[in-house]
Amino acid sequence: MSDRPPHPDWGEPTGRESATVPEPDGSGHRSAPDPQRCNAAYDMFAADVASRTLGIELVEAAAGAAVARMRVTGAMVNGHGIAHGGYLFLLADTAFALAGNSHGPVTVAAGGDIIFVRPAREGDLLLAHAVERLRYGRSGIYDVTVTRTDGAVIAEFRGRSRVLNGD
């Protein structure tokens, strides 16, 4: 279980748009950026075809933290009738990447581990809450808790990051 306080966005979607590629405003120009969405994580997510193709949505990302969500579809269920762990890892890894890239420099995963706590099932809406624990030099440590919207913890993930410097 997590000792983190509940996040205000742990419930069902509030109708707030997810951060995908902005829609044109009708004039052929992009609308003005939302000042709350002016960090590199949003740009990275807009180019993340893998995560967006699987239905992952960026709820928010700022200052070393991020929330992403995904609905478990029938295509994500394994032979036991539960969400395949690879999809849970992908959701957690996406939230980790968003939190790590919210600071600006291009940051990639150096490693990650996941503990599956309980199963998720088809139709479940999952939320991945990432938080930065430590940054030191070009490295960082991030924790991600994956929950259902009822607050039940599905998985705990720890990621290790590395800022690229042109390598």
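## A nonpolar surface patch

Val-106, Val-108 and Leu-164 make up a nonpolar patch on the surface of this predicted model. Patch residues have over 30% relative accessible area and no salt bridge, and nonpolar side chains are joined within 5 Å. A salt bridge puts a side-chain nitrogen of Lys or Arg within 4 Å of a carboxyl oxygen of Asp or Glu.

Val-108 sits in strand E3, residues 107-116. Strands are DSSP runs of at least two E residues, numbered from the N terminus. Val-108 is partly exposed, at 36% relative accessible area. Buried means under 20%, exposed over 50%, and partly exposed in between.

## Paired strands

E2 (residues 65-71) and E4 (residues 125-136) run antiparallel, joined by seven bridges. Pairing requires at least two DSSP bridges. Arg-69 stands opposite Leu-127 in E4.

E4 also pairs with E5 (residues 139-148), antiparallel again, over 10 bridges. Here Glu-132 has Tyr-142 in E5 as its bridge partner. Two residues lie between the strands of this hairpin, where Gly-137 takes a positive phi near 60°.

## The loop at Ala-63

Ala-63 lies in the loop between E1 (57-62) and E2. Ala-63 is exposed, with 68% relative accessible area. Beyond neighbours within four places in sequence, Ala-63 contacts Ser-102 and His-103 (heavy atoms within 4.5 Å). Gly-104 is 41 residues from Ala-63 in sequence, with 9.6 Å between their C-alpha atoms.

## Basis

Residues are numbered from 1 along each chain as its sequence is written. In this predicted model, local features need pLDDT of at least 70, side-chain atom pairs count only at pLDDT 80 or more, and totals for chains, interfaces and linings use all residues, while side-chain values use heavy atoms, without hydrogens and water.

Key:
Helices (H or I, at least four residues) and strands (E, at least two) are DSSP runs, numbered from the N terminus. Buried means under 20% relative accessible area, exposed over 50%, partly exposed in between (1.4 Å probe, protein chains only). Patches are made of residues with over 30% relative accessible area and no salt bridge: like charges are joined within 9 Å, nonpolar side chains (Val, Leu, Ile, Met, Phe, Trp, Tyr) within 5 Å. Accessible areas come from the Shrake-Rupley method with a 1.4 Å probe; for residues, only the protein chains shown count as cover.
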